[in-house]
Amino acid sequence: MTTAQPALRLSVLDRSRTRQGEEPAQALRDTVAFARDAERFGYHRFWVSEHHGVPGVAGSAPTVLAAAVAAATTRIRVGTGGVMLPNHQPMVVAEQFGVLASLFPGRIDMGLGRSVGFTDGVRRALGREKDAADDFGAQLAELLGWFDGSQQTHRGVHARPAEGLRVPAFVLATGAGADLAADAGLPLVIAAARGEDRMLAAIDRYRTRFRPSAQAAEPYVVLSGTVAVAETAERARELLVPEAWAGAYARTHGEFPPLAPAAEVLARPMTARERAAYEQSLAGHIAGIPEQAAADLAALMARSGADEYLVTTSTYDRTAMTESYRLLAEAVGLS
């Protein structure tokens, strides 16, 4: 079931979501298996994420998981979406990506975020303060300097084997971070977390402010979001339910839980506050039969002028999730 539309560049961000009744280790194994499927479907990149102390996410060490993914695949680009730079020393991050790029040359991406641990306890455990993200620009410049040998923060010190390697870097942003990506001359990865209009405004600022660099001669925009595809529109919308409830629960209870079956969520009595958060979590996604989802995605790409779309869909039913990615790949003409 392939449409006549030209193929889009599609990639995958998998957050190693845990599922109710399963051990976190299973989520990591599922991520590696899913990467093989994504490669077979024709996706361009496969990225993994970094979360610390979150019950619903097993992926806490993205460079380690990226190594497992790269070892299990042969062609797809592999990277992070992202390593949260304020949580780490830039030299250590450079060394880790230097090792990855040395083992899997030409396939590694370095997606970088500016978030710091979500709770006071996590931040203390990481040895970071809440304002650590304020220095992201300087941290980013130092990190890139470890690769090209230009860093002067620690004179006479070299990051091995990173120095001399070129690992494509991307900046993950929701708004203000777009300016940091533009100033650094790096590709931008952005989601409509605060609404599409604000996302499009941030993209416009990024393009206007962009300064060419050794990494990128011109702006490059990657949109990120959920696309749920199934044989019926009702089934596609059902795929959104487990993640929507997890997001609603996090906003109303302060803890991001493992994914629960859609039927269990739909049968659950909710408080007015929970219901409002849940309905909000269901909004703003692309969901439908393959042809409609492909058309909606193409329209969004046209409105934004983006170069690539990073699909972040997750749901309780792993088989249905994999099928969603397969149907989307077919609908947009991936090969």
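In strand β2 (residues 45-48), Arg45 and Trp47 point one way while Phe46 and Val48 point the other, and all are buried. Buried here means under 20% relative accessible area, exposed means over 50%, and partly exposed lies in between (1.4 Å probe, protein chains only). Helices (H or I, at least four residues) and strands (E, at least two) are DSSP runs, numbered from the N terminus. In a regular strand the side chains alternate between the two faces of the sheet.

Before we go further, a word on the model. It is a predicted one, where local features need pLDDT of at least 70, side-chain atom pairs count only at pLDDT 80 or more, and totals for chains, interfaces and linings use all residues. Residues are numbered from 1 along each chain as its sequence is written, and side-chain values use heavy atoms, with hydrogens and water left out. The predictor's confidence in each residue, pLDDT, goes from 0 to 100. The protein chain averages a pLDDT of 93, and 98% of the residues score at least 70. Residues 1-6 stay under 50. For residues 1-6 the model has 16 contacts beyond four places in sequence, a contact being heavy atoms within 4.5 Å.

**How the strands pair**

Two strands pair if DSSP finds at least two bridges between them.

| Strands | Bridges | A bridge partner pair |
|---|---|---|
| β1 (residues 10-14) and β2 | three | leucine 13 and tryptophan 47 |
| β2 and β3 (residues 77-80) | four | phenylalanine 46 and valine 78 |
| β3 and β5 (residues 108-113) | two | valine 78 and isoleucine 108 |
| β4 (residues 83-84) and β5 | two | valine 83 and leucine 112 |

Strand β5 also pairs in the parallel sense with β6 (residues 169-173), over three bridges. Here leucine 112 stands opposite valine 171 of β6.

Helices link some of these strands. A crossover is right-handed if, with the strands pointing away from the viewer, the path from the first strand over the helix to the second runs clockwise. Strand β1, helix α1 (residues 24-41) and β2 make a right-handed β-α-β unit. From β2 the chain crosses through helix α2 (residues 62-72) to β3, and this β-α-β crossover is right-handed. Another right-handed unit is made by β4, helix α3 (residues 90-103) and β5.

Six of its six residues are buried, so β5 is largely enclosed by the rest of the structure. Ile108, Met110 and Leu112 point one way from β5, and Asp109, Gly111 and Gly113 point the other.

Helix α5 (residues 136-148) gives the largest share of the lining, five residues.

Alanine 233 lies in helix α8 (residues 233-253) and counts as partly exposed because its relative accessibility is 31%. Alanine 233 touches Gly288 and Ile289, not counting residues up to four places away in sequence. Glutamate 323, in helix α12 (residues 318-332), is partly exposed too, with a relative accessible area of 29%. Glutamate 323 and alanine 228 are 95 residues apart in sequence and 9.6 Å apart in space, C-alpha to C-alpha.
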